[in-house]
Structure formats: C-alpha cells, structure tokens
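Please read it with the sequence and the coordinates at hand.

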Amino acid sequence: MAPLLQTEGLTKSYAGPVLSDVSFELQPGEVHALVGENGAGKSTFCGIVAGLRTPDSGRMWLQGRPYAPANKRVAEAHGVRIVLQELNLIETLSVSENLFFDQLPHTLGGWISRASLREAARNALGRVGLSELDPDAPVSGLGIGQKQLVEIAAGLARQCRLLILDEPTAALTPADAERLFLQIQKLKDAGVGIIYISHHLEEVLRLADRVSVLRDGRRVATRPRGELTADEMIRLMVGRALDDTAARAEKRSAGPVLLEVQNLSAPPRVREVSFALHRGEILGFAGLMGAGRTETVRALFGADPRQTGKILLDGRDVTAGLHSPTDAVRLGIGFLTEDRKSQGLLLDKPVRLNISLAQLNGDLRGPAGALRRQREVAAAQTWVDRLAIRCASIEQIAGSLSGGNQQKAVLARWLYRNCQVLICDEPTRGIDVGAKSEIYRLLDQFAREGKGVLVVSSDLKELLALCDRIAVISAGRLVETFERGKWTEDQIMSAAFSEMKV
Amino acid sequence: MLKGAVQPDSPAAAGAAKASRRKSQAREILEGCLGLLVVLVILVAFFGFSTAHFFSLTTFDSIANQIPTAVLIAVGMTYVLIIAGIDLSVGSVLAVSGGVLGIAIMRWHWPLWAAALACTGTGGLCGLINGALTVRFRLPSFIVTLGMLEAARGAAYLVTNSQTQYIGSEIAKVNDVNLFGLSLPFFLAVIVVIAGQLVLSGTIFGRYLIGIGTNEEAVRLSGIAPGPVKVMVFVLSGVLAGLAAITYCARLASVDPNAGEGFELSAIAAVVIGGTSLMGGRGSVVNSFFGVLVISVLENGLAQLGAQEPVKRLVTGAVIIAAVVVDFYRTRTRAKEGLR
C-alpha cells in the first residue's frame with residue numbers, strides 16, 4: 001500500500017536554511033510524532049505539508065499521487081488539515097461561527113441557518129468534551145485552553161485523511177488532553193494519518209507509532225515507539241558537534257552581585273523565580289517556547305505587572321520603586337525586546353531618533369525641556385561608528401536597515417543610556433551570522449566593563465557560546481542553573497522538559 | 001516630522017549635514033512647506049486674475065480676521081494627530097469656553113484678563129477630561145472626544161441660556177488693536193504657530209509626540225511614560241480651543257451656543273492638507289497654518305467667483321482628498337529612498 005504521505009528532499013530557507021532535505025513518510029492510521037528543539041524546522045515542515053508555505057525544493061506524494069498544495073485551501077481540498085499552535089479564532093464571532101467559518105450552512109438566500117449550524121457545532125464540541133459549551137457564546141470569553149479545544153474541534157469536524165496537530169496540548173489541562181487523545185485514537189481507527197508535534201515527550205511516547213527527530217532542519221532519526229526513550233530523544237535533538245564559538249569565549253571574571261531577584265511571580269507564566277546576576281557576567285535563560293522566559297524578564301523590567309517578588313540592585317532593595325519601564329530605566333536597566341519591529345524601533349524614523357530615544361529624558365534634556373540637538377547628532381554618529389551600524393547616514397530610516405543593523409541600533413540606544421543591567425530577549429532572532437557574532441562581541445564587551453547581561457534565547461547554541469551561567473525555565477519555574485564548563489546540552493534540555501512531563 | 005534631503009552613499013554629505021545641522025533644520029521646515037506655498041501662490045494668482053477684487057485690502061482683511069480661530073484650533077489638532085489621536089470636541093469646547101467668557105464679563109463683571117483666563121481654563125479642563133479618560137481607560141480618543149463634543153455642546157447651551165448674547169464693546173477691544181490692518185488675534189495665532197513648531201521640533205516634549213505617534217510601546221519600553229504626555233496634548237488642544245473662543249467672541253462681540261459647529265472637521269482638514277498623518281508620528285504646525293490659509297483663500301476666492309455654498313464645499317472637499325493622495329505618494333517615495 002502506498003503511504004498516505006511521502007516527502008522527499010524538502011528544503012526551505014529564509015535568512016538561513018530552516019529545512020534541509022527532509023524525507024518523511026506517514027501511513028494511513030498512523031500517528032507520526034515530530035520532535036526537536038525550538039527552530040529545528042518542525043513547524044516549517046508541517047506548514048509545507050498543509051500548504052501554508054511552499055518549499056524551495058523537494059517533492060511530496062499523497063497516496064502515491066504527486067502533491068504540491070499552492071495554499072491551505074488546496075491542501076484542505078486534498079483532505080490535509082492543520083491545527084496550529086497559534087490561535088486563529090475570530091474573537092468577535094461565536095464559537096459555532098468560528099468552527100465552520102469557511103463553510104457556514106446557509107439557505108438559498110444566503111441567510112445562515114442557525115439551527116443546523118448550532119447542531120453541527122454541538123457535535124463538534126462534544127468530540128472534544130466541550131458539550132456544555134454554548135455554541136452561541138462569543139469566543140472572546142473563552143479561556144486559552146477552551147480556545148485551543150475549539151480550534152482542535154474545528155479541525156476534527158471536517159473530513160480529512162491527514163491531520164497535523166502542532167503542540168495541541170500546550171494550553172490544555174490533563175483532563176482535556178486525555179479527551180483529545182481519545183479523539184486521536186478514533187481518527188486513527190478511521191484510517192486518518194496524524195502528524196503530531198509536541199514538546200511533551202511522555203505524550204509522544206504514549207501516542208506515536210513512530211517518532212522522527214528533527215535537528216537544525218534535518219531529520220536525524222526515525223524510530224518506532226518501542227525503540228526510543230525520552231532521554232534518547234533529547235540526545236538526538238541536541239546531539240550536534242559543539243560550536244567552536246563556545247570554546248572561543250574567554251572566561252570573564254564575575255564580580256559582586258549586581259541584580260538579585262527573589263520569588264518573582266507574575267501568573268500564569270512566571271512562578272517564584274529567583275536568581276542573581278553578577279557584575280561582569282552574562283546569564284542566560286533557556287527553556288522551551290512559552291516556558292515563561294519573556295514573561296519573567298518583562299515582569300522584572302516593569303513592563304508587565306508582577307504579583308510578588310523582591311528586586312535588589314547592588315544590594316539595595318528597589319522593589320518599591322520599580323513598577324514601570326520608566327522606573328527600570330532610571331535604575332539603570334535596559335531591555336532589548338524580543339520583537340524589535342513592534343516593541344523596539346521607530347521603524348519609519350531615522351536611525352538618530354532610534355538611538356537617542358532612551359536618553360531623551362536624560363542626557364539630551366536641555367534647559368526648559370529643550371532637546372539638545374547637536375548632542376543628539378553627535379551621540380548618534382558616535383554610536384553608529386562604534387557599533388559599525390551600516391547606514392548611509394544617521395538620517396537613514398531605521399526600517400530600511402538590515403535586521404542585524406536594526407538590532408544594533410536598538411542596542412546602541414541602551415549602550416548610550418549607559419545602563420548597568422541589559423536584558424536581551426532573543427537578541428539575534430532573524431539576524432544573519434555576521435551580525436550575530438558582532439552582537440555577541442558587543443555583549444561580551446559590555447559584560448567585561450563590569451555590567452551584567454541577561455539573555456533570553458531559544459537558540460541553545462547561542463546561550464552556550466555566550467553565557468557564564470544558564471538558568472533553565474520550565475513551565476514558569478526556574479528549575480536549575482548550570483555553570484559554564486559544568487553543563488551539557490542534554491542536561492539543559494532535560495531541565496527544560498522537566499516540568500512539562502504529563 | 002519632515003526629513004531633510006539626505007544623500008545616501010555619501011559620507012561627505014553626512015558630514016556636511018552634521019556641520020550645518022541647525023541651518024538644515026530650518027531648511028527642513030521650509031522645504032516641507034514649499035509645496036503648500038506653491039499651491040497657495042497658484043490659488044492666489046488664479047483668483048487674482050479671474051476675479052475683479054481678489055487683490056484688495058478687503059479680501060486680505062477678511063482672510064486675516066477669519067483665520068486666527070481656525071489656526072489656533074489647527075495647532076492643537078496637529079499635536080493630537082501626531083500622537084495618533086483625534087480631538088472631535090474642539091468646536092464644542094470653543095462654544096462652552098466662549099460661554100464662560102460671556103458670563104464672566106457680563107454677570108460676574110470680571111476684568112477682561114480674568115475672563116479670558118477662565119475661558120482658556122475651561123478649554124483646558126475639557127481637554128484634561130478628554131486626555132485623562134483616553135489614557136486611564138485606554139479608550140480610543142475618537143470615542144471620548146465624540147462624547148465631549150456632545151457634552152460640551154450641552155454645557156454651552158446651559159451656560160449661555162441657549163441664546164446668542166451680545167457681550168459688549170469690552171471684548172471687541174481685543175480686535176481693535178491693529179497693526180498694518182492686522183488684529184491682535186492674528187498675531188496671537190502667528191505666535192502660537194511659531195511657538196508650536198518650536199516645541200514640536202526643538203523640545204523633548206515634541207520628540208515624545210513623534211515617538212508616541214510612531215510606536216507607543218517602543219517609547220514606553222524605552223523608559224518614557226506615554227500617559228502624561230498624551231494627557232498634556234489633549235489639555236493643550238483644549239486650551240487652544242479656549243483661546244480660539246476668545247478670538248471668535250471678539251470678532252462677533254457676542255457669545256453663541258452654536259459657535260464652532262463643524263470646526264473640528266475643518267481643523268482636521270487643514271491639518272491633513274498640511275501633510276500631518278492621521279496615523280500619527282508625523283506632522284508640522286507651520287504646515288497646518290498653511291493648510292488653514294489654503295482653505296481660507298479657496299473659500300474667499302470661490303465666493304468672489306460667485307460660487308454658491310454647494311460648489312464651495314464640493315471644491316474644498318476635492319482639495320482635501322487631493323492633498324491626502326499627494327501626501328500618500330510623497331510618503332511612499334520617501335520610504336523608497338530610505339530603502340536604497
């Protein structure tokens with residue numbers, strides 16, 4: 001019998017290669033799990049199968065027939081459906097309208113037939129254990145877990161022969177997850193093939209008939225369930241040769257404690273996180289997507305409210321005076337945000353304005369609130385030169401710079417602000433290799449000046465290369481801290497998964 | 001804000017620009033309003049040749065006396081639009097402020113200066129309410145100021161007893177001060193325009209406005225609290241509406257509960273003609289001034305051509321839309337240059 005899905009040599013690059021030469025096979029009635037680190041290419045692969053993206057090269061067959069979906073609609077016409085990790089619900093519409101948005105039952109005149117819609121919605125909801133949910137309730141009132149279930153219900157409600165589930169249990173309670181597993185079993189029995197992405201390795205071992213491990217865009221192993229343990233999976237996921245940049249970083253000497261955080265909580269994602277950052281140190285936050293790393297640093301910076309937590313700077317308790325980014329910046333904390341376009345840059349403004357932003361209420365404030373223009377120009381020029389930001393002049397629009405230079409411009413903003421603690425959330429996301437190493441160099445230099453750097457990154461290689469210590473956050477808790485030289489990638493990944501076990 | 005002509009790929013040009021920063025800043029503003037000046041000259045020339053009396057002291061006089069009210073409101077509106085907000089309440093705020101001015105003079109027999117202070121204070125208070133509600137409850141300023149448009153109009157009726165009242169020669173004195181045929185309100189408006197532009201392009205506050213209008217979250221995460229700045233902008237808009245009320249009442253020597261109806265829309269039109277973006281982050285006070293002039297010249301010229309109200313409105317509407325279309329292309333070209 002021809003496999004349900006077969007792929008050969010699927011390859012996709014954005015800034016760099018994301019997926020290289022992936023061959024894969026799925027039988028009817030099989031659950032085939034895909035595991036791998038953040039950015040290993042799992043979502044990209046599934047996106048290609050579901051018609052969300054087109055591969056640069058490679059071929060696919062669906063039940064022996066060549067298959068190259070141009071978009072999601074075409075894929076769905078072939079019976080291939082994906083339930084995404086991000087929610088795609090329309091908040092203002094009702095549950096039932098969301099469930100059948102693309103095929104609302106209607107009368108000849110175009111009126112929606114409410115009764116049959118409600119009926120179909122009840123059926124679909126019942127399958128995921130949401131039978132008590134009112135189909136007419138607006139989606140905006142649902143909790144995240146319920147939304148996830150509605151999303152899954154929408155996928156299950158349609159005829160399909162291949163269903164892709166991308167982290168379906170991320171927001172589900174164990175009971176809801178059980179109900180989902182039951183449905184998966186039913187689909188299996190009906191001969192539907194399922195590609196299942198999850199960080200929950202226990203779950204994978206329970207559900208999957210076969211497991212494929214992706215690493216750096218390549219499929220490194222495919223094994224039947226019985227021949228794999230969680231530890232082996234982790235080893236396969238990270239088992240790469242250690243990058244030489246890691247060895248290159250010379251030892252920095254850590255000074256006294258600069259920042260101390262005790263019992264920081266910001267529900268639901270941050271739970272009693274405590275750590276200390278020393279002068280001259282780069283501390284990394286590792287963890288899985290959604291583990292609460294960004295939420296932790298945002299709560300620390302005052303960008304989001306925190307429930308509990310004590311913060312000390314240079315041994316001084318500053319908890320009472322740190323409630324907003326304004327407070328944090330005044331205390332000498334800088335924050336390089338995860339998404340530089342929406343949270344960092346003034347995209348359609350010159351580089352100069354972007355560099356000077358955090359100093360407007362500091363160095364650049366003249367008498368009577370005047371802006372010290374000449375000082376601003378000089379400073380912008382200085383930092384452009386010092387960080388080698390490639391731009392035609394400081395008047396070039398920031399949005400027209402390359403990603404790396406944009407990031408350097410935001411970095412320049414904080415260096416110019418002369419902050420003591422620099423929080424970097426995904427400092428090299430979407431940046432080419434050259435700019436990456438320049439940013440590493442700048443962070444290293446910053447730490448060597450006796451200041452402290454906190455790096456959140458989903459790229460473990462990056463943390464291994466950069467950090468003196470790596471703290472691992474799993475499901476909102478800081479579970480373990482590793483010292484340079486005493487860590488292995490397996491240990492770090494195990495820690496990252498530690499709170500995820502079902 | 002306006003960008004100067006930057007020659008990419010040329011370090012020498014960058015160096016020169018650095019040296020003559022101050023000069024280039026003035027040039028920036030000039031270059032920014034050049035297009036509007038050209039339009040204005042064309043309009044004046046056109047009306048000058050096609051009507052018998054356009055080039056006359058009367059025309060000049062009527063334009064100069066009409067515009068101060070609109071200019072003052074337009075300056076406030078420019079600020080509000082730059083932070084990506086909108087203030088629909090200015091016309092009503094003008095009316096209620098004017099009403100307070102009338103009461104203070106006639107019933108309380110306050111001296112003119114005190115009455116004027118109460119008038120601008122009333123405007124400022126309305127602005128404070130607008131700003132505080134917008135910021136505190138994260139409401140769209142469109143909705144908040146739409147509410148204020150109604151509420152302040154109601155208040156204006158209450159304050160004036162729903163009647164247009166003559167407030168005597170006292171207030172008209174404001175208009176009697178003359179220099180080259182130009183009244184005190186005209187000079188007041190010009191001073192406010194200059195000050196408004198200086199604040200916008202030369203102070204920290206002005207830069208905050210640009211930043212907030214461009215990316216409020218980035219500004220917040222850079223350690224600047226956007227809330228107080230935004231409240232301040234609405235207060236300023238209210239205060240300027242109050243000042244506009246004084247000039248309005250001075251011209252008519254009376255208070256009118258229906259004063260300022262539709263002013264918010266003509267102010268927005270003028271500001272948009274001046275190239276300020278409704279999306280925020282970009283704008284110029286000087287250009288808003290020229291925007292008001294363009295509309296005023298257009299209306300006076302058309303009137304002299306014998307055009308009736310319907311035609312006048314039709315043409316003015318077309319000009320507003322044309323201005324936005326031109327601005328769209330100008331912005332896009334500039335964005336492309338930045339990409340080079």
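Helix α9 of chain B, residues 204-220, has 17 residues, but its end C-alpha atoms are only 15 Å apart. A straight helix at 1.5 Å a residue would reach 24 Å; the expected span is 1.5 Å times one less than the number of residues. This is a predicted model, in which local features need pLDDT of at least 70, side-chain atom pairs count only at pLDDT 80 or more, and totals for chains, interfaces and linings use all residues. Residues are numbered from 1 along each chain as its sequence is written, while chains are lettered from A and ligands numbered from 1 in the order in which they are written.

**Helix α9 of chain B**

- α9(B) has a kink of about 105°, centred on B:Thr214; the bend at a residue is the angle between axes fitted to the seven residues ending there and the seven starting there.
- Of the 17 residues of α9(B), 14 are buried, and the helix is mostly covered.
- A residue is buried if 20 or more other C-beta atoms lie within 10 Å of its own, exposed if 12 or fewer, and partly exposed in between, with C-beta atoms placed from the backbone.

**Chain B overall**

- Chain B contains 13 helices and four strands; helices (H or I, at least four residues) and strands (E, at least two) are DSSP runs, numbered from the N terminus.
- The radius of gyration of chain B is 21 Å, close to the 20 Å that the globule rule gives for 340 residues, so chain B is as compact as a globular protein of that length.
- The radius of gyration is taken over C-alpha atoms, and the globule rule is 2.2 Å times the number of residues to the power 0.38.
- Along the principal axes, the C-alpha atoms of chain B fill a box of roughly 65 × 55 × 35 Å.
- Buried residues account for 49% of the 340 residues of chain B.
- Of the contacts in chain B with a separation of 6 or more, 77% are between residues 24 or more positions apart; two residues are in contact if their C-beta atoms, placed from the backbone, lie within 7 Å.

**B:Tyr166**

- B:Tyr166 sits in strand β1 (residues 165-166) of chain B.
- With 13 other C-beta atoms within 10 Å, B:Tyr166 is partly exposed.
- Apart from neighbours within four places in sequence, B:Tyr166 is in contact with B:Ala253 and B:Ser254.
- The C-alpha atoms of B:Tyr166 and B:Val255 are 6.5 Å apart, although 89 residues separate the two in sequence.

**Chain A overall**

- Chain A has 18 helices and 20 strands.
- For chain A the radius of gyration is 25 Å, close to the 23 Å that the globule rule gives for 502 residues, so chain A is as compact as a globular protein of that length.
- The C-alpha trace of chain A spans about 70 × 55 × 45 Å along its principal axes.
- Of the 502 residues in chain A, 50% are buried.
- Residues at least 24 apart make up 69% of the contacts in chain A between residues at least 6 apart in sequence.
- Chain A is divided into domain 1 (5-238), domain 2 (255-332 + 421-431 + 450-502) and domain 3 (340-418); the bounds come from an automatic or database domain assignment.
- The centres of domain 1 and domain 3 of chain A, taken over C-alpha atoms, are 43 Å apart.

**Contact between the chains**

- In the interface, 39 residues of chain A are in contact with 30 residues of chain B.
- On the side of chain A that touches chain B, the elements giving two or more residues are α11 (325-330), α12 (340-344) and α14 of chain A.
- α11(A) gives the largest share of that side, five residues.
- By class, that side of chain A has 18 nonpolar, 14 polar and seven charged residues.
- Ala, Val, Leu, Ile, Met, Phe, Trp, Tyr, Cys and Pro count as nonpolar, Asp, Glu, Lys and Arg as charged, and the others, Gly among them, as polar.

**Loop between α14 and α15 of chain A**

- A:Ser400 lies in the loop between α14 (373-386) and α15 (403-416) of chain A.
- A:Ser400 is buried, with 20 other C-beta atoms within 10 Å.
- The C-alpha atoms of A:Ser400 and A:Asp348 are separated by 8.3 Å, with the two residues 52 apart along the chain.
- A:Ala388 also lies in the loop between α14 and α15 of chain A, and is exposed, with 11 other C-beta atoms within 10 Å.
- Phi of A:Ala388 is positive, about 50°, although A:Ala388 is not a glycine.

**Backbone around β11 of chain A**

- A:Asn263, in strand β11 of chain A, is a residue other than glycine with a positive phi, near 55°.
- A:Asn263 counts as partly exposed, with 13 C-beta neighbours inside 10 Å.
- The peptide bond from A:Pro267 to A:Pro268 is cis, with omega near 5°.
- A:Pro268 is in the loop between β11 (257-266) and β12 (270-278) of chain A.
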